[in-house]
Structures are given as C-alpha cells and as structure tokens.
Protein chains: 2
Amino acid sequence: MSSSLEGYKGVALDVLRKIGAEVGDVLRIHKKDGAVYEGVLVPRFEYGDPECIVLKLRNGYNVGLKIQEGDRVEKIGEGVKPAYKPRPIPEAVSGLPRVSIVSTGGTIASRVDYRTGAVTPALRAEDLYSMVPELAEVAQVETKVLFSIFSEDMTPKHWSKIAEEIASELEEGVRGVVVAHGTDTMGYTAAALSFALQNLPAPVVLVGAQRSSDRPSSDAALNLIGAVVTAVQAPFGEVAVAMHRGLSDDVVAVHRGTKVRKCHTSRRDAFKSVNAELLGVVENGTYRQVSQDYRPRSPPGKLKVRPTFDEKAVLVKYYPGFNPEVLEKLLDMGYRGIILEGTGLGHVGSVCLKALERARDMGVFVGMTSQCIWGRVNMNVYYTGRDLQRVGVVPLEDMLPETAVVKLMWVLAQTDSLEEVRRLMLTDIAGEFSPRTSYRWSA
Amino acid sequence: MSSSLEGYKGVALDVLRKIGAEVGDVLRIHKKDGAVYEGVLVPRFEYGDPECIVLKLRNGYNVGLKIQEGDRVEKIGEGVKPAYKPRPIPEAVSGLPRVSIVSTGGTIASRVDYRTGAVTPALRAEDLYSMVPELAEVAQVETKVLFSIFSEDMTPKHWSKIAEEIASELEEGVRGVVVAHGTDTMGYTAAALSFALQNLPAPVVLVGAQRSSDRPSSDAALNLIGAVVTAVQAPFGEVAVAMHRGLSDDVVAVHRGTKVRKCHTSRRDAFKSVNAELLGVVENGTYRQVSQDYRPRSPPGKLKVRPTFDEKAVLVKYYPGFNPEVLEKLLDMGYRGIILEGTGLGHVGSVCLKALERARDMGVFVGMTSQCIWGRVNMNVYYTGRDLQRVGVVPLEDMLPETAVVKLMWVLAQTDSLEEVRRLMLTDIAGEFSPRTSYRWSA
C-alpha cells in the first residue's frame, strides 16, 4: 500500500487514487445531500469503516466521511505551512519583573504538522514574544527548553528534573516560574512539584493548551498570559495550574496543584479544581486571589527541595468483577504502597480483604480514595469501610486519587518507616486536604 | 479492651469510662470554647487521633472531637430505635399499574443501627407503602428481595441474577420494573443490565439513596417515587437510574444506564449523566421525557435476555510512573480484554507499547477510554494515539471507562472471536456511544 494514502482501503482508496490525492493534501468533499467539507486528508487506521475518508477540518477537528454514490471528492491544493518569522525581543521588557519559562513539551509548545494533520512538539521558547506580543507588557521572560515530550510520557524521573530546574531558577531571584506542559498529565506533575518544592518564594505556574498555538481557536495565548501574570502578581508561594476558566476567551482560572484535574478530553476549560476553591483568576491582565486559604510567598532561603520519588506506588481502580489476585500480583512485584480508587465513600468488595490483610502483614501502605472524584471518603458509615480500616486501609479524606498516588511516590522516597509513611500521608503538606467540604463543590 | 468502647484509647477512653459511656449511648460534649455537640457515640478505628471522641450527629454525619482540658463530656441517654409498625397496604392500589420492585440491598433498603451508628441493609420490601405513602397513588407495587448486599460486593454473577429476575417480572406483564440498589456500584449494574436486557417492553429503573431512609435528610422517598413514576409513565424501553437532580427535594433526574456515573461520595445529586442528555425528569409526580433520542418500549415478546458476563476483562487506569509490567502480569493471568483508562484524548506512555503489542499478538482486545471522564477520545490527533492504534488499541469514543469494562465482560461472554469482540465493542448496543458531543456536557 502506498504510504501516501496510509491506512486507506476499498472505495475510499479508489476515490483518492483517482484524483491523485495524498495524505496532507487539501480536499473538498461534496456530499450528495449538499453538504460540503473542506480539510486536510489525514492517515487512517486499522479500525473503523474503510469507506470513510478522514479530513482534518479548519477548526482542528477530524471528521470521517463515508463515501457513497453521488458524493464528489476533489483535490483543491496541498497543505501549506504558515510562514513564520520571530520578531526581536522588545527592549522595553528589560525593566519588567523576571519570569522563567521552563518548557517541557505539550500542545502549548507545538505546531500542527500540515503534512499529516498531526500535532508535534516543536516550540522554541524564544518565539514566545512573537506569538504572544502582550507578554512584553507583563514580564521579562527567560526561557529554557528542559524537554520536549508528550506529557503522557512524563515519569517521576522527569518530575525530579523539573523540580531541580525550578529550584535553580528560583535561586536566581525570579519573580515567578512558569512551566509549559502537555495537558494530559499536567495535574500529576503539578501535584508532584507541590510536594517536591516546599516553602516556595514565588508561584510556580504550570500552563498548557488544549489546541495548538497556530490554530485560530488556540487557547495557548490566553493561558500563557494568565500564567505569566500569575507568576508576577500572585501572593502565593505554591504550585498552580493556569488554564481557561470557561469557553469564552477572557478568564484564566488558577488552580492549586494538588486539587486540579483534567476533566474533559478536549474543552478549553477542561481543568477543574476538585474539592477546593480556585486559588485565583486572571482577567484583563490582572490576577485576583479567590481562595483566602493559601501559603504566601516564603522569604528567600527557606525553599525546601525534596525532588525524589519512589515508583513503587501503584494506583488501582476497583470495579465489580475486580479480581483480588491482581492485588496479590502487585504485592509480589514489590510495591511498597497501594492507592485504591474505591467506590462511594471509600469501599472495595469484601473479596479484597484477604489480599489487603497480606499487604498489612507485609508492611505495605494502603490508602483509600474515591472514584467518585468529588466528595470525601468516610469509612465509618458502613461496615465495609470499618472492615477495611481494621485491615489497615487508611482513608485519605478528600484527596484526589491522582494526587494520592503522586504523594505516595514522594512519601516513599522520604522514609522507609511504614509509621512515617502513614503519618506523612495523613499530614497536609501542600493543600491536598481541604479542611471542610463546601456544598458548592461538585461535578 | 472493652468491646463497649471499641477502638478508644488514651484520654478519650479515660473520659468515656469515667462517665460510664458505651458505644451507642447518646453523649453531649461541651467544648471549652462554648460549642456543644450531641450525638451517638460510635466505635473508632486504628488510625486517627486517639484523643478524639467520635459522635454521630443527628444530621447523620460523624464528628471527631479532640478532648482537651476544660471540655466536659456527659452521658444523656441511650440510643433508641424509633418505633415502627407497617400499615396495611391500601386497597385502592389494586386498580393501578403494576410495578415490580426488586430489592438488592443498599442504603435505600437500610436502616441505621443505633447501637453503632452504622448503616446495615435491612429493609423488607413490604414496608414501602408505610414508609412512602405517596406510592399508593402511583402504582400497585409488588416486591421481591433478591439479595441484601452492599453494592460494593456486587459482582457480574449478581448482574446475571438481577437480569434474569427482571426478565421473569417482565414476562408477568408489569408496567415497569424498579431495582433498589446500593449507590456505590449502581452505575456499573445499570450498564450491565443495559447490555443483558435488550428490546425491553418497559423501563427498568435502578434507584438508591445516599442517606438511609430513617434519617430526616433521606433522599430515599423522593428517589423511590421518582423511580416508580418513571416505571409507570416513561415511554422508553431502556435501563435507567433515577436519583435526585439537585440538592433540593423536588426533582428526580432519570439517567441512561450506560451514561451515568456516581460523581460525588455523599451528595444527594451524586449521579450525573456523562456525555449525554438526561433521559428525563420526574417533578410533581409526573415523568417528562428530556432526550428525544431513546429506544421506545418494545412490543411484548421481543425481549432479548443475554445475562452472561465473562470476568476476564480488566480496567487499568494509567498514570505517570505506571509500570508496563503490570500489563504483562495481566496478560499472564489470562485476561481476554483490557480497558485502558488513558489520559486526555486517549493516551498511555510509549513505555506501554511493547506490552500492548504482546496483547495484540495474544489476541487480547484492548480498548481505550479517558480518565478525563467527560469528552471523547480521539487517537488521530497526536502521534501517541496513532502509535497505539497501530498496535491494535481500539478508541472507544465517548464511552465511560466503567461502562466499557462492563460491556467488555458482556461481549466476551457472547463470542470467542476477537473480530466479533471488536465489532461489538464498536457497535452501539444500549446508547453507550453518543453520536455527537454537546458543548454543554462537562464537569
């Protein structure tokens, strides 16, 4: 099969060959019913209807069109990369507060590959002033490309490197640090940095984009401005995530790093604070503090850097039909800690009790969170919760499951004592517990 | 340690002994700062501050109170069970539509154990008219206690029995079936029944309660009325979940069984339709259809009962630091299918590719869903998604991870052919796929 029509079969392949189209070309498809679609031909994959042609539309979405009798397909051009030339950095910024931007990859640092319609990580950090001219009114940004990886490939080892890099930027006395990051695992990294960097003298603000920065619908510019404004103006010394608050292009929400979660695959306002108020918002270039419960910027010299993580922690989501033998295997694999994502108030089936007893006897920490995501576990209401506590399962209050497994990796790297692991897991280190639950917090 | 003061230690134990209190007694605690708490003394567990006394307050919540110098604890009585005598079933109901209520357990079928403050499943179904007199205006209910278990102990074997019981109730020609169920895994059971029972001649409505029925704040009565009204009046032949729509005690939301999820540990409106409209609502005793996209009641005799599930399907949630060896172990354990709960648009780290290739070579089905919960996976946007499709991972559109693993258990029990497993997983059987995504659907 020709690689220029990768994945296409049957009628679709015939039609595309007839008009001499290749992946990357711009096609216009006239459907018999009068609808017209225009977009870049993208490769297709094994599953799905082989009669479909997949176009990446101008709005950035892919559409699969089944080709039927009476439809007409024409090639109207080849995908062109937009011309791009960075402008020189404006001189006026030299008097503004200094903000370090550490780039790790992700859509905010990416451009669309017009040949395939796919997104690849490519942004050079020095392009920022050209792409987002408003930055020149806010800060003197200094950029550093630390990695250029998809955030789903981020590991605890990367967290350590990011933490160390941020610590070294902070030692330079910058007003704040911004971390450009893919959105997929941005919540996990934000939690990791929250534990690794304590007594922060400045905000550390993670920022990403749900649509890449050379698309008209991109959220990259507003998010980046929001993050830099937060780094300069916010009163807190915490790790935060700055992303669109809603669907309109005007307000950036600033979330606490231990309480934030990506709750939509594609919306610009995918990130939500869970079981917590927003830390703040940025509107019209100004940061406004929302939660009054925050850690202020620490005096310089107080920064505690604890950048290590132990990967012997595992997250297990329970469901009916779950086989407790999976827990046994994890114990055999040498895991030192397990975060259960249980049901409701913090339950797993009683079928798991035996394996959990074994975990206790082996000195393995087991913590309970809820797959409900919102709310607080309470293992005193039902017998199940009480039985689980009897075999040593520790209820983790309103901590997110994702934050809990990150925290456990961090805690396991701080101590070998199970008692100390328990104590640290129940100690609020970076706002991962909310002292009380508001009736307003829900999906 | 005296079992009458189970779990108490230190100062708390001393204080409780001094006043002769036992678990189950009603205590009043005067804090030095003037606050007064009154509630039932409940047992406490290994973790947590031993200086705390835990009371179950009248509102149903537990509070842990640290006893300090200057505080005063008094015993003001023993916990009393409220007197309860069922009334005879009103004669007038005999002319009303017949609704079967199948009870499986859970809070809706439970009473608080006043000795321990814990909730135990105990409701006899014949008590319903006494507890919820309004039912006598809606339906002639026939009740059956199928099991009395906590829903976290529900397994695919229970799903099969519930499906068979419902089928036999439907053969009797009832107007609708209501299933009383614990809320923890109600979403999973609703999905399971949606696949097991097709071409339904009547609604099958699961109902639960977040607060048990003998508490003043209980949601049991409104939910139950909502479920019975839906069973009688709704035009659909589908499996649904009926639960409070909001925090006020007036509207019941009716969710499609394959699109519903418990999204809060304790709120009455914990259940949300995800990536879908509500099927309908019940207000003032009347059912109103909201989604116009539903399967109508099938003609009698068309019911397809496919009540078997194969437990060799496993749900795996990905996170940074995830060890692909876990996938290898699952393959070694003989799983025939894996549902990945990936990040963002449907990704896992490239570190997993080798294990996923092995899965493909072994003929194991691997489907991708998103831990974002809301939105749709799209594995054509990024290289990661395309690489995953190349090794055979099947994107499961906007299906909930929980629904996907239940569907996979059902599909694996229908066929031994991997091709047929793939085809069925991508075929909309019970509304588990929404054809399009609305911008209104998000957390």
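The model is predicted; local features require pLDDT of at least 70, side-chain atom pairs count only at pLDDT 80 or more, and totals for chains, interfaces and linings use all residues. Residues are numbered from 1 along each chain as its sequence is written, with chains lettered from A and ligands numbered from 1 in the order in which they are written.

Chain A is superposed on chain B by a rotation of 180° with 0.0 Å of shift along its axis, at an RMSD of 0.1 Å (least squares on the C-alpha atoms of residues with pLDDT of at least 70 in both copies). This is the relation of a two-fold axis. Within chain A, the C-alpha of Ala443(A) is the nearest to the axis, at 2.2 Å. Both copies use the same surface, as 100% of the contact residues of chain A recur in chain B.

The contact involves 70 residues from chain A and 71 residues from chain B, where two residues are in contact if their C-beta atoms, placed from the backbone, lie within 7 Å. On the side of chain A that touches chain B, the elements giving two or more residues include strand S20 (313-317), helix H8 (383-390) and helix H9 (401-414); helices (H or I, at least four residues) and strands (E, at least two) are DSSP runs, numbered from the N terminus. The most is given by H8(A), with five residues.

In chain B, five strands form an open antiparallel sheet in the order S4-S3-S2-S1-S5, strands being paired if DSSP finds at least two bridges between them. Strand S4 (62-66) and strand S5 (72-78) of chain B are the edge strands, each pairing on one side only. Strand S1 (residues 25-30) and strand S2 (residues 36-41) of chain B are antiparallel and share five bridges. Opposite Val26(B) stands Val40(B) in S2(B).

Elsewhere in chain B, strand S17 (residues 280-283) is joined to strand S14 (residues 251-256) by four bridges in the antiparallel sense, with Val252(B) opposite Val282(B). Four bridges also join S17(B) to strand S18 (residues 286-289), again antiparallel, and Gly280(B) has Gln289(B) as its bridge partner in S18(B). S17(B) and S18(B) form a hairpin with two residues between them, and Asn284(B) in the turn has a positive phi of about 50°.
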